[in-house]
Each structure stands twice: as C-alpha cells, then as structure tokens.
Amino acid sequence: MTTLVYLIPVALFLGALGLSGFLWALRSGQYEDLDGAAERILIEPDTREKEGPRAN
C-alpha cells in the first residue's frame, strides 16, 4: 500500500510531462505539413547539374 503513495504521483507526473510535450509539439507546428514530408522523399533533387563535369 505504501508503494502506491509513490507510484501514483510518479504516474501523474509522467502523464503531465507527456501531455505537455504533445502540446508543445502542436504549438511549434510539428503537425502542420503532414503531406509535404511524405511527398518530399519521392522527389529526387537534381544534383548532377550542380556538380559540373567529372574528369575520369
């Protein structure tokens, strides 16, 4: 029974910490552009034009 005195506040603290982290992520814009990151991996950048001719 005495362990519950320690475990309940720890569980409440960890829950509040997780909730505050989630709210911080919402406010900082982490979830604004969900489709952009998924489509950005499919677009291949044209790096060969910027490198110039190679001397082999």
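This briefing describes the fold, the aromatic pair and the surface patches of one protein. The model is predicted. The protein contains three helices and zero strands, and its elements follow the order α-α-α from the N terminus on. Of its 56 residues, 4% count as buried.

**Overall surface**

- The accessible surface of the protein amounts to about 5800 Å².
- Carbon and sulfur atoms account for 63% of that accessible surface.

**The aromatic pair**

- A pair of aromatic rings is described by the distance of the centres and the angle of the planes.
- The count for this protein comes to one aromatic pair.
- The pair consists of phenylalanine 22 and tyrosine 31, whose ring centres lie 6.1 Å apart.
- The planes of these two rings stand at 50 degrees, so the pair is tilted; planes under 30 degrees apart would count as stacked, and planes over 60 degrees apart as edge-to-face.
- Phenylalanine 22 has a relative accessible area of 41% and is partly exposed.
- Tyrosine 31 is also partly exposed, with a relative accessible area of 44%.

**The nonpolar patch**

- Six residues are named in a nonpolar patch on the surface: Leu19, Phe22, Leu23, Leu26, Tyr31 and Leu34.
- Together, these residues have about 580 Å² of accessible area.
- Helix H1, which spans residues 2-27, gives the most to the nonpolar patch, with four residues.
- Tyrosine 31, a member of the nonpolar patch, is placed in the loop between H1 and helix H2 (34-40).

How values were computed: Residues numbered from 1 in each chain as written. Predicted model: local features only at pLDDT ≥ 70, side-chain atom pairs only at ≥ 80, totals over all residues. Heavy atoms only, no water. Phe/Tyr/Trp six-rings, centres within 6.5 Å; stacked < 30°, edge-to-face > 60°. Buried < 20%, exposed > 50% of the residue type's maximum accessible area, 1.4 Å probe, protein only. Patch = residues over 30% accessible without salt bridge, like charges linked within 9 Å, V, L, I, M, F, W, Y side chains within 5 Å. Areas by Shrake-Rupley, 256 points an atom, 1.4 Å probe, with all protein chains shown as cover. Salt bridge = Lys/Arg side-chain N within 4 Å of Asp/Glu carboxyl O. Helix = DSSP H or I, 4+ residues; strand = E, 2+ residues; numbered from the N terminus.
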